[in-house]
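Biologist: I would like to learn how to read helices and their packing in a model. Could we go through one case step by step?

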Amino acid sequence: MAALLGHILKTQKHSSFIRSVTRRTIDTSFFSSLHEPTFKITPLSQVRLLGSCTEGVCGFDEMVTGKERKYYMLGGKGGVGKTSCAASLAVRFANHGHPTMVVSTDPAHSLSDSFAQDLTGGRLVPVEGVESPLYALEINPEKSMEEFRAASQKLGDGMGVKSLMQSMGLGMIADQLGDLKLEELLSTPPPGTDEIVAISKVMQFLESQEYNMFSRIVFDTAPTGHTLRLLSLPDFMDGSVGKLMKLKKKMGSAFKSLLGKEPQNDGPDKLEKLKERVEKIRDLFQDSDTTEFIIVTIPTVMAISESSRLHASLKKEKISVKRLIVNQVLPPTSDCKFCSMRRKDQMRAIEMIHNDSELGGLRLCQAPLVDMEVRGVPALKYMGDKLWR
Ligand SMILES: Nc1ncnc2c1ncn2[C@@H]1O[C@H](COP(=O)(O)OP(=O)(O)OP(=O)(O)O)[C@@H](O)[C@H]1O
């Protein structure tokens with residue numbers, strides 16, 4: 001325990017922060033839980049199945065090299081440790097001199113819980129206790145969706161054109177427009193739309209001069225289900241909605257020539273702009289020089305199967321995936337029978353990775369199941385030092 005505490009105190013510049021952390025938690029079990037874990041990381045090379053893992057080295061050197069901006073998106077099944085891994089990566093980048101931003105787009109944010117600091121409010125909040133600037137942002141995808149909905153609804157209400165058509169005796173065409181069930185279509189955008197709309201807001205804001213300083217951006221994404229369809233919005237907008245937007249434009253021009261003015265409606269323009277923004281993000285995220293998606297999993301058959309499907313979907317979207325984190329791996333030896341059984345089960349699950357056509361070729365990074373909850377900068381730093389090597 002003394003060794004780890006000494007290491008934490010030595011590596012933190014802001015000892016006042018440490019004091020405040022320990023003050024906040026000393027009454028509970030901060031010290032007792034932050035002792036050196038009773039086990040060491042198993043070099044993955046010792047586990048035959050993790051052959052491609054190059055001894056558990058995750059290639060952090062490559063991740064940290066260069067001053068140009070890079071984006072890392074961490075995603076996976078619910079509860080596998082995405083936030084802990086994302087937060088520990090952000091801390092590690094900051095401690096290696098990169099001004100870093102960590103963004104949560106998961107509606108059930110847990111960055112504040114993970115850092116044990118209040119990072120709420122939908123604005124950039126400085127994280128205390130790291131060496132270079134580290135800022136966190138918890139964005140509310142639901143709020144970002146409001147803009148999309150508002151623009152969609154304007155388009156969906158018959159575009160103001162429907163009522164005009166009725167008044168001009170063109171009710172039949174107006175009814176056919178109604179038959180397209182436009183409102184229904186627009187009110188059910190594909191899963192993940194909220195997240196990509198939220199991401200598009202962050203990207204907009206990152207483009208400004210003021211935020212040029214950030215050289216590493218880490219995204220803690222929502223659980224797999226959403227992320228799988230993360231980038232489908234442009235297609236959705238190009239499809240039926242896109243056609244209707246074009247129709248609206250044409251009809252607007254026709255009405256303009258008839259009536260001298262277009263029906264009032266700025267919804268389509270907003271949707272058009274959003275579509276352009278999302279397309280830009282898609283291009284950026286598909287650029288393997290700037291963006292990498294890191295899949296986080298745990299050694300269970302269910303989580304690995306889901307990770308395999310996630311990788312297949314990301315490949316389809318042309319998103320670069322190089323690394324797979326296997327989190328919460330149990331130590332190899334234990335007097336505890338339950339733990340040994342569990343470990344065997346984990347090893348069987350890990351064997352699946354080795355044999356999986358989707359996951360087998362990824363660089364495997366291992367994080368041990370530590371005997372404490374990973375909370376607060378010192379704990380995240382500890383986890384990061386073990387994982388991001
Ligand atoms: N390697 C680990 N050892 C011990 N505890 C861990 C480890 N990784 C994560 N945890 C703990 O597991 C819990 C869930 O972790 P976390 O919030 O990072 O998961 P998540 O995948 O982001 O969850 P969600 O899908 O709900 O957002 C937390 O209490 C965290 O401290």
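**Reading the helices**

Modeller: This is a predicted model. Helix α17, residues 337–355, has 19 residues and spans 28 Å from its first C-alpha to its last, close to the 27 Å expected at 1.5 Å a residue.

Biologist: Which residues of α17 are buried?

Modeller: In general, an α-helix has 3.6 residues a turn, so residues three or four places apart point the same way. In α17 the buried residues are Arg343, Gln346, Met347, Ala349, Ile350 and Ile353.

Biologist: What covers the buried residues of α17?

Modeller: The cover includes helix α16 (301–316) and the strands β7 (321–329) and β8 (363–368).

Biologist: How many residues does α16 have, and what does it reach from its first C-alpha to its last?

Modeller: α16 has 16 residues and reaches 23 Å, close to the 22 Å expected at 1.5 Å a residue. Its buried residues are Ala303, Ile304, Glu306, Ser307, Ser308, Leu310, His311 and Leu314. Following α16 comes Lys318, with a positive phi near 60°.

Biologist: Take Ser308, in helix α16. Why does Ser308 count as buried?

Modeller: The cut-off for buried is under 20% relative accessible area. Ser308 counts as buried because its relative accessibility is 12%. Leaving out residues up to four places away in sequence, Ser308 touches Asp356, Glu358 and Leu359.

Biologist: How is a pair of packed helices described?

Modeller: Two packed helices are described by the angle between their axes and the distance between the axes. Here, helix α5 (residues 82–95) packs against helix α18 (residues 377–387) at an angle of about 85°, with the axes 8 Å apart. Therefore α5 is roughly perpendicular to α18.

Biologist: Which residues of α5 and α18 meet?

Modeller: From α5, the residues are Ser84, Cys85, Ala87, Ser88, Val91, Arg92 and Asn95. They meet Val377, Leu380, Lys381, Met383, Gly384, Asp385 and Leu387 in α18. By type, the residues of this contact between α5 and α18 divide into seven nonpolar, four polar and three charged.

Biologist: Now the whole chain. How many helices and strands are there?

Modeller: The chain has 18 helices and eight strands. Of its 389 residues, 53% are buried. The chain exposes about 18100 Å², and carbon and sulfur atoms supply 53% of that area.

Biologist: What share of the contacts joins residues at least 24 apart in sequence?

Modeller: That share is 80%, taken among contacts in the chain between residues at least 6 apart in sequence.

Conventions:
Residues numbered from 1 in each chain as written. Predicted model: local features only at pLDDT ≥ 70, side-chain atom pairs only at ≥ 80, totals over all residues. Heavy atoms only, no water. Helix = DSSP H or I, 4+ residues; strand = E, 2+ residues; numbered from the N terminus. Expected span 1.5 Å × (residues − 1). Buried < 20%, exposed > 50% of the residue type's maximum accessible area, 1.4 Å probe, protein only. Contact = heavy atoms within 4.5 Å. Areas by Shrake-Rupley, 256 points an atom, 1.4 Å probe, with all protein chains shown as cover. Axes fitted to C-alpha atoms, helices over the stretch in contact; angles between N-to-C directions. Parallel < 35°, antiparallel > 145°, perpendicular 65-115°, else oblique. Nonpolar A, V, L, I, M, F, W, Y, C, P; charged D, E, K, R; others polar.
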